[in-house]
Structures are given as structure tokens and as C-alpha cells.
Amino acid sequence: MASGYGLTGGPSRCFPFWQEVLACYVVNTNADDESGKHKCKPVLEDYYECLHHKKEAAKISALQAAYRRREAETPRDQAPSAGQIRSLGLLDRKDEEVDIRPAAVVPKYEANLQK
């Protein structure tokens, strides 16, 4: 871990992150005072992330899970619930209360029962 070189001996893809870590330590610390180390923590975390891909793997896993859930959904899952339909205020009320006037040409349900 002391170098930014890959398995083939050439620079790895994390080499730029390693250079940033070294530069941060050079700028913020010296032999007498190491109190500036805390400033290098975000850069060091980026380097470790480049090496291990934990955040990237978690993000991809979450995206894949969301995609699978979306693919598994059916149109019925998106239908409004009974409570949402009742909240519109049209069920269980008389036509006069909701100000719905039946058309003059269309027969009413009650007219079929009387025959």
C-alpha cells in the first residue's frame, strides 16, 4: 500500500489519489508538527475508496434492487386505494349532495326495478 503501482508495475488507476494523499501530508505536516493530519482524512478516504470500491458497490447494489422492484411492479400496484377513492367524496353520498345531475335521456336504475 505504500505505492500507487498496480500489479503490472505501471501506475494503477488509484495513483492520482495516492499522489493527492502524499501532497496533503507534505503540505499539512512536518517532522515537528503532525497536527495537520486531520485535514488529509477526506483525501485518504477517497484513496481507500478507489482501492476497495465499497461506496460504489453499495450504490450499484441499491440501484439494481430499485430496478428489480420497479420491474416486478404491476399496474395494479399503482392503483389508488379504497381510502383514496373515498376521500374524493363521491361514494356513499346522494347525487344532490355532490351536485351530479343525471342525463334526461339515460334511464335510471330505479326505472328498471319498477317493471
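Residues are numbered from 1 along each chain as its sequence is written, and side-chain values use heavy atoms, with hydrogens and water left out. Because the model is predicted, local features need pLDDT of at least 70 and side-chain atom pairs count only at pLDDT 80 or more, whereas totals for chains, interfaces and linings use all residues.

Two aromatic pairs are present. Rings of Phe, Tyr and Trp (its six-membered ring) pair if their centres lie within 6.5 Å; planes under 30 degrees apart are stacked, those over 60 edge-to-face, and the rest tilted. Trp18 and Tyr47 form a tilted pair, 5.1 Å centre to centre with 45° between the planes. Trp18 belongs to helix α1 (residues 15-28) and Tyr47 to helix α2 (residues 41-52), so this pair ties together parts 29 residues apart in sequence. Helices are DSSP runs (H or I, at least four residues), numbered from the N terminus.

Tyr47 also pairs with Tyr48. This pair is tilted too, at 6.0 Å centre to centre and 45° between the planes. Trp18 and Tyr47 are both buried (under 20% relative accessible area; exposed is over 50%, partly exposed in between; 1.4 Å probe, protein chains only). Tyr47 has 2% relative accessibility. Tyr48 is partly exposed, at 31%.

Helix α3 (residues 54-72) has 19 residues. From first C-alpha to last, α3 reaches 27 Å, close to the 27 Å expected. The expected span is 1.5 Å times one less than the number of residues.

Methods: Helix = DSSP H or I, 4+ residues; strand = E, 2+ residues; numbered from the N terminus.
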